[in-house]
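I opened the model today and kept notes as I went. The entries follow the order in which I looked things up.

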Amino acid sequence: FQTVHILGVPFVRATMDEVVSVIHAHVKQQKPCFIVTANPEIVMKANEEPTYMATIQQADYVVADGIGVVKAAEWLGTPLPERVAGYDVLCRCLQLADEHQYRVYMIGAKEEVVQAAAQHIRHRYPHVRLVGVRNGYFDWNDKTIVEEVKQAAPDFVFVALGMGKQEQWIAEHMHTVGRGVWMGVGGSFDVLAG
Ligand code: UDP
């Protein structure tokens, strides 16, 4: 993909379907992948905090989450084709996982929230293999968590620790696990939990 920079954040010029299709290619090849669905808050934070910018720049694909990003790209004269919202990407990934019985690891949110979100997934996407469901309130230095993720051999790892924390956690751990499409999903488990 071509990239479009907005305040230093490199967005891929890709439609939702194109993004879903590269995600699927990564799963099929079992090649790890880090996706950031960046909204204007993420762009501003990256612009203010060099360490966060460095983390975002480790992503394989940064997609435009929200019409604000699409508008900004247009004003800069480097338009993006469409909005690729985080929650929508998550749902498309769950759909893929349901069609192909892929393995999904969920980490983040409060225990009751992540359990309710998992229950919703079991109901709505019955062929998804949920290989891990864990809340987001753990000790950052607890090495057993990444070991557990690795043992689960996930195709997808959805991380809901809030903006900043989730991207940092992914960047620190995805290479230890060595497989999976990793994505920070912010408040999406709360949405799925209803
Ligand atoms: N969260 C978490 N651990 C933390 C901080 C937040 O699991 O240490 C969860 C929180 O429970 C919520 C999700 O992360 O389900 C998103 O939080 P928030 O709405 O603050 O995130 P943002 O809007 O910054 O992405």
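**Entry 1: the sheet**

I started with strand S5, residues 103-108, which pairs with S6 in the parallel sense over 5 bridges. This is a predicted model, so I read every entry as a description of a prediction. I then picked Met106 and looked up its bridge partner in S6, which is Val133.

Next I traced the whole sheet. It is open, has 6 strands and runs in the order S4-S3-S8-S7-S5-S6. The pairing is parallel. Which strands sit at the edges? They are strand S4 (61-64) and strand S6 (129-134), and each of them pairs on one side only. I also noted the twist, which averages 20° from one strand to the next.

**Entry 2**

I moved to S1 and strand S2, residues 9-12. These two pair in the antiparallel sense over 4 bridges. Thr3 stands opposite Val12 in S2.

I asked which residues of S1 are on the covered face. In this strand, residues 3-6, they are Val4 and Ile6. Thr3 and His5 make up the uncovered face. I wrote the general rule beside this: in a regular strand, side chains alternate between the two faces of the sheet.

The hairpin of S1 and S2 has 2 residues between the strands. Leu7 lies in that loop between S1 and S2. I checked its backbone: phi of Leu7 is near 45°, a positive value in a residue other than glycine. Is Leu7 buried, exposed or partly exposed? I found 13 C-beta neighbours inside 10 Å, so Leu7 counts as partly exposed.

**Entry 3: another positive phi**

I looked at Gln30 as well. Its phi is positive, about 50°, although Gln30 is not a glycine. I placed Gln30 in the loop between H1 and strand S3 (33-38). Gln30 has 11 other C-beta atoms within 10 Å, so I logged it as exposed.

**Entry 4: H1 against H5**

For helix pairs I took down two values, because two packed helices are described by the angle between their axes and the distance between the axes. The axes of helix H1 (residues 16-29) and helix H5 (residues 86-100) come within 11 Å. They cross at roughly 45°. That angle makes H1 oblique to H5. H1 passes H5 in a right-handed crossing.

Which residues of H1 meet H5? I listed Met16, Val19, Val20, Ile23 and His24. On the H5 side I listed Asp88, Val89, Arg92, Cys93 and Leu96. The residues of this contact of H1 with H5 divide into 7 nonpolar, 1 polar and 2 charged.

I also clicked on Ser21, which lies in helix H1. With 12 other C-beta atoms within 10 Å, Ser21 is exposed, because the cut-off for exposed is 12 or fewer. I then took a distance across the chain. The C-alpha atoms of Ser21 and Gln166 are separated by 24 Å, and the two residues are 145 apart along the chain.

**Entry 5: H7 against H8**

I repeated the exercise on helix H7 (residues 143-152) and helix H8 (residues 165-177). They pack at an angle of about 45°, with their axes 9 Å apart. H7 and H8 are therefore oblique to each other. The crossing of H7 past H8 is right-handed.

I listed the contact too. Val146, Val149 and Lys150 in H7 meet His173, Thr176 and Val177 in H8. By type, the residues of the contact of H7 with H8 divide into 3 nonpolar, 2 polar and 1 charged.

**Entry 6: Ala46**

My last stop was Ala46, in helix H2 (residues 40-48). Is Ala46 buried or exposed? It has 25 C-beta neighbours inside 10 Å, so Ala46 counts as buried.

What does Ala46 touch, leaving out residues up to four places away in sequence? I found Gly8, Val9, Tyr52, Met53 and Ile56. I followed up on Val9, which is 37 residues from Ala46 along the chain. The C-alpha atoms of Ala46 and Val9 are separated by 7.5 Å.

Terms used
Residues are numbered from 1 along each chain as its sequence is written. This is a predicted model: local features need pLDDT of at least 70, side-chain atom pairs count only at pLDDT 80 or more; totals for chains, interfaces and linings use all residues. Two strands pair if DSSP finds at least two bridges between them. Axes are lines fitted to C-alpha atoms, for helices over the stretch in contact, and angles run from 0 to 180 degrees between N-to-C directions. A residue is buried if 20 or more other C-beta atoms lie within 10 Å of its own, exposed if 12 or fewer, and partly exposed in between; C-beta atoms are placed from the backbone. Angles under 35 degrees count as roughly parallel, over 145 as roughly antiparallel, 65 to 115 as roughly perpendicular and the rest as oblique. A crossing is left-handed if the near helix is turned anticlockwise from the far one by less than a right angle, and right-handed if clockwise. Two residues are in contact if their C-beta atoms, placed from the backbone, lie within 7 Å. Ala, Val, Leu, Ile, Met, Phe, Trp, Tyr, Cys and Pro count as nonpolar, Asp, Glu, Lys and Arg as charged, and the others, Gly among them, as polar.
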